[in-house]
Amino acid sequence: MTLKLFNTLTREKEEFKPLEEGKFTFYSCGQTIYDDLHIGNAKAYTAWDTLTRYLRWKGYTVRHVQNITDVGHLTDDGDQGEDKVEKRAKKLGLEPMELVEDQIERYFEDTKALNVKRQDIVPRATGHINEMIEYVQKIIDNGYAYEVDGNIYFDVEKFAQDYPYGEMANKDLEQLKEEARSRVEPDEKKKNQFDFALWLDAEDSGHLMKWTAKFEIDGELVESVGYPGWHIECSVMSQKYLGDEFDIHAGGKDHIFPHHPNERAQAFAASGEGQARYWLHNEFINVEGEKMSKSEGNFYTVRELLEKDFSGDAIRLYLISTHYRSETNFSIKGLEKAEKELQRVRRTVKKIRDSSISAESPVNYDTSTDEIEKEFRERMDDDLNTPRAKQYLLEVVNHLNSIEGDVKPKYADTLEKLFQVLGVDIRPQASEEESELADLLMELRDEAREEEDWETSDMIRDRLEDLGFEVEDTEEGSKWLK
Ligand code: AMP
Ligand code: ZN
């Protein structure tokens, strides 16, 4: 069986056929970086990380690009309101880029704790302003944009005469036009309210982040000091790093309209290609049936859950326990359950490893490891059905637990490998006492290394390895890993 994925464009599960055999090119919309990662964002990023892990496991070469939005995402969908990054930076008395640096560091700490592999390319919007200006110029040259007072707007009606527009949201033009009229404050400068900004002039505003752009329109040069509209960055950065056409574009379901149709329209308008062939969208996380929001006090950041002593692996296990296209109703009870499941899996793996060392002739259980992998693959091939794949692995764990004799260690290897595909590390973790012992030995080793006593340093490393710790010397210092 081959992988089938639900494509929002066609509203069907389709067989995944990459543009180039054995290669997978993937763009997912990333974080607007003004606050800590919340559990909803984490659902999106773990889903896309699982997709890349799965395809890597299947043997694909993957290029995954996920951007960081550090300019241009406004508090209001209708191109009005404040820039989200600037708004929070002002509140904290920081330069916007000061806030961004801090938040990026926290973002990578949080995603790392959830075993989200850092994407192959993580482009930042502010690093691509020149490319965005050039891209907007292409759209102007191709006749799909107009200028009013230094603002450049995308002409949706004109575009829709040549290309499809509303199909991702499954709506016709009149419906979208009507919705835009009721959704946003009327903007006198726009021809139609569903037109959207490619570039916004900010000469006389209090905006902190702005750049000088020169556009040639009908043979005249227009200079505008401003900033890019929100959607343009993703069209530019995805096509820059993955080509005009690539395999999959993903994001949360809030992007089904307007972000993704607008990105796709820009891409058609600039390059004649509509970016990706498959568009994937994750459902949202709600809390106790309500939309998660700070004002309701039902808002969970990943950081606070980690501080409450939930492990990153348990949070990951919890997140993949619902399908990426199903709503997750978040609860602390659910997270506690995931933590227990994780411990049970770890105990089983440890038991297999411990017993197979002493056993004379460990036995196979009646399902081979190949059969386990096949069953796992079948479930994952069905639109990345992680809850069913996980459920199956837990059944295998229960079965292995119920076996009287000793089991071959390859069952532990298989479980570790398949959970790794789901982004959950089930290898045994060090206990508190073990950690303290390892820390002490590492301190002694660091002292020996400072004195260039390589013999002692190597001896300590060997002893640590005998005890099951891996020692890694990095630029930031030496670390151990159980
Ligand atoms: P943002 O930084 O708000 O643009 O969100 C980053 C990503 O997280 C986007 O792909 C959103 O669609 C997704 N996202 C935001 N809130 C939630 C939520 N409650 N549940 C699932 N995904 C979310
Ligand atoms: Zn995007």
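Leaving aside neighbours within four places in sequence, Arg 63 is in contact (heavy atoms within 4.5 Å) with Phe 24, Thr 25, Phe 26, Asp 120, Ile 121, Tyr 241 and Leu 242. The model is predicted; local features need pLDDT of at least 70 and side-chain atom pairs count only at pLDDT 80 or more, whereas totals for chains, interfaces and linings use all residues. Residues are numbered from 1 along each chain as its sequence is written, chains are lettered from A and ligands numbered from 1 in the order in which they are written, and side-chain values use heavy atoms, with hydrogens and water left out.

Arg 63 belongs to strand 4 (residues 61–66); helices (H or I, at least four residues) and strands (E, at least two) are DSSP runs numbered from the N terminus. Its relative accessible area is 42%, making Arg 63 partly exposed, a class that falls between buried (under 20%) and exposed (over 50%), with a 1.4 Å probe and protein chains only. Thr 25 is 38 residues away along the chain, yet the two C-alpha atoms are separated by 5.1 Å. A polar atom of the Arg 63 side chain lies 2.8 Å from the backbone oxygen of Tyr 241.

Strand 8 (residues 211–217) and strand 9 (residues 220–228) run antiparallel and are joined by seven bridges; pairing requires that DSSP find at least two bridges. Trp 211 has Gly 226 of strand 9 as its bridge partner. Two residues lie between the strands of this hairpin, in which Asp 218 takes a positive phi near 50°.

Helix 12 (residues 369–381) has 13 residues and reaches 18 Å from first to last C-alpha, close to the 18 Å expected at 1.5 Å a residue, the expected span being 1.5 Å times one less than the number of residues. Its buried residues are Thr 369, Ile 372, Glu 373, Phe 376, Arg 379, Met 380 and Asp 381. These pack against strand 1 (4–7), helix 1 (39–57), helix 13 (386–402) and helix 14 (410–421). Asp 383, with a positive phi near 50°, follows helix 12.

The largest nonpolar core has 117 residues, of which Leu 51, Ile 139, Phe 154 and Phe 419 touch the most other members. Such a core is a set of buried Ala, Val, Leu, Ile, Met, Phe, Trp, Tyr and Cys residues joined through side-chain atoms within 4.5 Å. Helix 1 gives the most to this core, nine residues. Another core, of eleven residues, lies apart from it and includes Met 168, Cys 234, Leu 242 and Phe 246.

Notes
A polar contact is a pair of N or O atoms within 3.5 Å; within protein, one must be able to donate a hydrogen and the other to accept it, and residues adjacent in sequence count only if both atoms are side-chain atoms.
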